[in-house]
Amino acid sequence: MAGYQGIYMQRFQNYLQRSGEHKVIQKLIDTVLRPQITKMAEGKTGFGVLGVGSGGGEMDVYLISILQSVLQSVPISVEVVEPSTDLTQNFKDLVSKTSSLRDVSFNWNTVTCADYETQIKTKQDVKFDLIHMIQMLYYVDDPKATLKFFHSLLKENGKLLIIHEAASSGWEILWKTFKKDLCTNTLSDYLSAGDIRVQLDALGLRYEELVVKNTLDITDCFTEGNKDGQMLLDFMTDREDFHASFSAEVRSSMLELLKNECSTTTDGRVLFNCSLSALLVHA
């Protein structure tokens, strides 16, 4: 996948804003990662971070600020892998506007995860103290091989932080129920945190998991002609135009599933379950 560009990026940013997803990710970082940082950095003169699928960098910058608050005088270097040129530029702009990042060194890789893996295999002794994969494992062809490879890049006491849509969330119900209709565009398969756990177990890796509940108000999706609802449906189904992409029967079935299986209704508002899971994998 070449990453979000143009209209896809607009829909993505709209989703982030409406779902409050970044606040949930920050909560996961605070709860899962912060208590581990001191031990991870013990006896080290520098701290290396690899962000795989960093997007616009908002969560990377937050994570780095947490590292800085704990590590203080330890130099931090950051390697960024993000295939979207638009999102990479957003990240670079954010770095230039954030004075606390002046002493952090960045190396930018506007390539896919697979291309980065190919590059790294030609180099010797590339290792990191922290590798994070936030909402990106959907886009790799072989999740198990990807997890195995990036886990192999961890230094002693290093951690791999994976943040992903939780098992049994509305996303999993929607995408697995309508797999043959939905997994034909950007994604060829759908992966939840439950599926990632299966792969981690198969690799014999040690990890902990924390799930934080979150909901997205999708009430507008059920009002025909509502532009906000249309934009959400386009994003949630990964389509240019939800209404033009599926038959009337499939659209009706999807909307029924979204309302009755993927969401709860409170005070007349339809709240889609978009809970997130953090998996902290040990070196």
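Predicted model: local features only at pLDDT ≥ 70, side-chain atom pairs only at ≥ 80, totals over all residues.
Residue numbers start from 1 along each chain as its sequence is written, and side-chain values use heavy atoms, with hydrogens and water left out.

**Fold and dimensions**
- You'll find 13 helices and ten strands in the protein (DSSP runs: H or I of at least four residues for helices, E of at least two for strands).
- The radius of gyration, taken over C-alpha atoms, is 19 Å, close to the 19 Å from the globule rule for 283 residues, so the protein is as compact as a globular protein of that length. That rule is 2.2 Å times the number of residues to the power 0.38.
- The C-alpha trace spans about 60 × 40 × 35 Å along its principal axes.

**Burial**
- Of the 283 residues, 50% are buried (under 20% relative accessible area, 1.4 Å probe, protein chains only).

**Cysteines**
- Searching the whole structure turns up zero disulfides (pairs of cysteine sulfur atoms within 2.5 Å).
- For Cys221, the closest cysteine sulfur is in Cys262, 11 Å away, which is too far for a bond.
- Both are tucked away: Cys221 is buried at 6% relative accessible area, and Cys262 is buried at 2%.
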